[in-house]
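The following questions and answers concern a predicted model.

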Amino acid sequence: MRAMLIANPKATSTSRRARDILMRAFTGDLDLVLAETGHRGHAAELSRQAAVDGYDVVITLGGDGTVNEAVNGLLAHGPSSALPSLAVLPSGSTNVFARTLGLPGDPIGATKAVLDALRAGRRRTIGLGTASHDGGPERYFTFCAGVGLDAEVVREVERRRAAGATAYNSLYVQTALRHFFSGTDRRHPALTLEQPGRPPKSGLFLAFISNTSPWTFMGRLAVNPSPKANFSRGLDVFGVRSLDVGPTLGAVAQMLTARGRPVQGRHVVNVHDAAEVTLRAERPMAFQLDGDYLGEQHSVTFRSVPKAIRIVI
């Protein structure tokens, strides 16, 4: 079985020694080629070539950004049963996608789980989401997207990482608190949520789009605004019409404790199992996919893509 291991050497917890151990673990089962990423978008280029060259499996060793790029490379020409399967080894700061698949949080434990699945021939076909902004090309996402405050936080974290900060959970929490009180516009909602055949929902400050649950993690704690979202359904959306401190704290508390139902409240908007939604903004709004900041946009359309990719799990 031919496999390509796409490794991000800059991922937070990656070390050359750990990578070499993982390579040796796969040696007896796979004809394995190592490909290290060297620039933004490189994992997409490598996985696209792996599909062209007829590899059976693409394995990612990195964070959610590496996974997202690999998915977009594999699906450059759309879903197909002939594409390589994707296996995920977490080696970044959060690894939401790997954790939602039920994989161990460390690359050694995940390697054992992936090897067991490969030997048993276990694959799972999952749905993904796509996003296209202002007429641009569609981009796939695996677990979440966001417009507004959370994307602004991602933008600020990326700036701090570029300046040398390490992307631990504490950095996201500190940045979110600072930005909530002194960075974002909490007075003028700019977003309208549109669904085909339904009345628009206006006056939103932010929106989270979920392809699965939880939306993200805070350490070991799940942050879960849309607990009913899963890979076999459409997209779920959570939005808010108030960023006052009281309603915001109430919503966050529900995200951290709710297990079966979405966040509730008179300032909350929920959508479940949507095939398509569009977010339109009165002013340019920050936009992120799978934790990757993609600039400010006036309009983003999100679509559900059922049975998009096979996962080794």
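Q: What share of the contacts in the chain between residues at least 6 apart in sequence join residues at least 24 apart?
A: A contact requires heavy atoms within 4.5 Å. Among contacts between residues at least 6 apart in sequence, 72% join residues at least 24 apart.

Q: What makes a residue count as buried, and how much of the chain is buried?
A: A residue is called buried when its relative accessible area is under 20%. Buried residues make up 53% of the 313 residues.

Q: Which residues of helix H2 are buried, and what covers the buried residues of H2?
A: In H2, residues 42-52, the buried residues are His42, Ala43, Ala44, Leu46, Ser47 and Ala50. Their cover includes strands E1 (2-7), E2 (31-36) and E3 (57-62), together with helix H3 (64-74). Just after H2, Gly54 adopts a positive phi of about 80 degrees.

Q: How many positive and negative side chains does the chain have?
A: Lys and Arg count as positive, Asp and Glu as negative. On that basis there are 36 positive and 27 negative side chains, and the centres of the two sets lie 6 Å apart.

Key: Residues numbered from 1 in each chain as written. Predicted model: local features only at pLDDT ≥ 70, side-chain atom pairs only at ≥ 80, totals over all residues. Heavy atoms only, no water. Buried < 20%, exposed > 50% of the residue type's maximum accessible area, 1.4 Å probe, protein only. Charge placed at Lys NZ, Arg CZ, Asp CG, Glu CD. Helix = DSSP H or I, 4+ residues; strand = E, 2+ residues; numbered from the N terminus.
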